[in-house]
Amino acid sequence: MSAPLFDTRQVRRAFSRSAASYDAAARLQRLVEARLLEALDYLDDPALGRTPPQVVLDLGSGTGHASGMLQRRWPKARVIALDLALPMLRQARAANAAPRLPGLPLRNPFAATPQPVCADARALPLAEASVDVLFSNLCLQWVEDLGAVLAGFRRVLKPHGLLLFSTFGPDTLWELRDAFAQADEAPHVSPFMDVAAVGDALVAAGFFQPVVDRDLETSLYPDMPALMRELRALGATNALASRRHALTGRRRFAVAAEAYEARRAASGLPASWEIISAMAWAPEAGTPIREHGVELAAVPVARIPIRRRG
């Protein structure tokens with residue numbers, strides 16, 4: 001059995017610590033989230049004759065911004081906000097309970113609000129075929145076995161349920177990766193799946209009509225420490241199991257910062273973000289779930305014969 005790529009406990013700790021600072025730093029996350037939410041307009045097209053979803057899962061919900069948008073889009077739906085870090089869910093609850101700002105209407109106290117669930121994306125605590133829409137914004141880059149996670153998504157999605165997610169591609173933070181490579185041999189930036197691998201994983205998991213898109217965004221920073229501060233505020237710190245467990249020394253950091261300076265443009269230091277977005281549909285009921293290329297049979301308990309003694 002191969003060693004795990006990520007230290008899940010470190011992922012949880014990092015996002016737990018960043019709960020209070022996340023929203024102020026999440027500029028890129030909000031941009032990608034808005035694009036994903038816009039893609040959901042397709043479901044509301046009356047020409048399709050689809051009924052509004054009853055259960056919507058926001059996986060990797062963080063501070064609950066997308067969950068709230070999903071609840072406003074479908075006010076009668078049960079929206080589940082699921083995250084690995086409990087402080088993130090507490091931050092979302094506090095935001096929902098925040099006092100009204102001047103000039104904004106009062107929120108209906110009887111309106112539905114997202115239901116928080118603290119759980120791991122690799123082991124969803126949800127019933128089979130119980131979710132109409134599974135939405136996930138920039139969460140799956142922290143999962144090393146995408147195929148196994150997609151099999152879990154297949155399990156909880158209803159037949160013809162919609163899967164819509166975004167993740168980072170391999171060109172993300174390549175400048176930072178190259179800069180640290182000049183300082184030491186320890187990994188500092190996570191590896192990411194490319195667009196072809198994401199599409200292949202969707203097909204292998206049995207989803208149909210997958211559509212996978214790739215976008216490249218560039219952020220600018222005054223210096224490398226500013227980029228590192230933003231990553232810490234987001235909880236996007238190094239969680240690789242093979243990472244250096246001691247702090248990066250001043251000398252190594254200085255070498256990396258000097259190497260990064262070679263990338264400087266007139267408006268600042270660039271940082272690349274490759275965004276992979278995917279949409280796909282769960283298949284018909286009874287279609288075998290595939291995991292690691294093997295079909296996993298599902299047999300209802302009622303169909304299992306029981307031989308009684310005596």
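Which strand is the place of Ile276? It's strand E7, which covers residues 269–281. Before I go on, a word on what we're looking at: this is a predicted model, where local features need pLDDT of at least 70 and side-chain atom pairs count only at pLDDT 80 or more, while totals for chains, interfaces and linings use all residues. Residues are numbered from 1 along each chain as its sequence is written, and side-chain values use heavy atoms, with hydrogens and water left out.

Okay, the overall picture. The chain has ten helices and nine strands. Those come from DSSP runs, numbered from the N terminus: helices are H or I with at least four residues, and strands are E with at least two. Of the 310 residues, 45% count as buried. Buried means under 20% relative accessible area, exposed means over 50%, and partly exposed is in between, using a 1.4 Å probe and protein chains only. Now take contacts between residues at least 6 apart in sequence: 83% of them join residues at least 24 apart. Contact here means heavy atoms within 4.5 Å.

Back to Ile276. Buried or exposed? Ile276 counts as buried, because its relative accessibility is 0%. Leaving out residues up to four places away in sequence, Ile276 touches Phe165, Ser166, Met193 and Val212, among others.

The side chains of Asn137 and Ser166 are joined by a polar contact of 2.7 Å. A polar contact is a pair of N or O atoms within 3.5 Å; within protein, one must be able to donate a hydrogen and the other to accept it, and residues adjacent in sequence count only if both atoms are side-chain atoms. Asn137 is buried too, at 11% relative accessible area. Its other neighbours include Gln29, Val32 and Leu59, again not counting residues up to four places away in sequence.

Now the helices. The axes of H7 (residues 174–181) and H10 (residues 250–261) come within 7 Å and cross at roughly 130°. Axes are lines fitted to C-alpha atoms, for helices over the stretch in contact, and angles run from 0 to 180 degrees between N-to-C directions. So H7 and H10 are oblique to each other. On the cut-offs, under 35 degrees is roughly parallel, over 145 roughly antiparallel, 65 to 115 roughly perpendicular, and the rest oblique. Glu175, Leu176, Ala179 and Phe180 in H7 meet Phe253, Ala256, Ala259 and Tyr260 in H10. By class, that's seven nonpolar, no polar and one charged residues. Nonpolar means Ala, Val, Leu, Ile, Met, Phe, Trp, Tyr, Cys and Pro; charged means Asp, Glu, Lys and Arg; the others, Gly among them, are polar.

H9, residues 224–234, also meets H10: their axes come within 10 Å and cross at roughly 110°. That makes H9 roughly perpendicular to H10.

Last bit: backbone angles. Most residues other than glycine have a negative phi. Ala129, in the loop between strand E3 (115–118) and E4, has a positive phi of about 55°. Ala129 is partly exposed, at 36% relative accessibility. Leu173 has a positive phi near 55° and sits in the loop between strand E5 (157–168) and H7. Leu173 counts as buried, at 7%.
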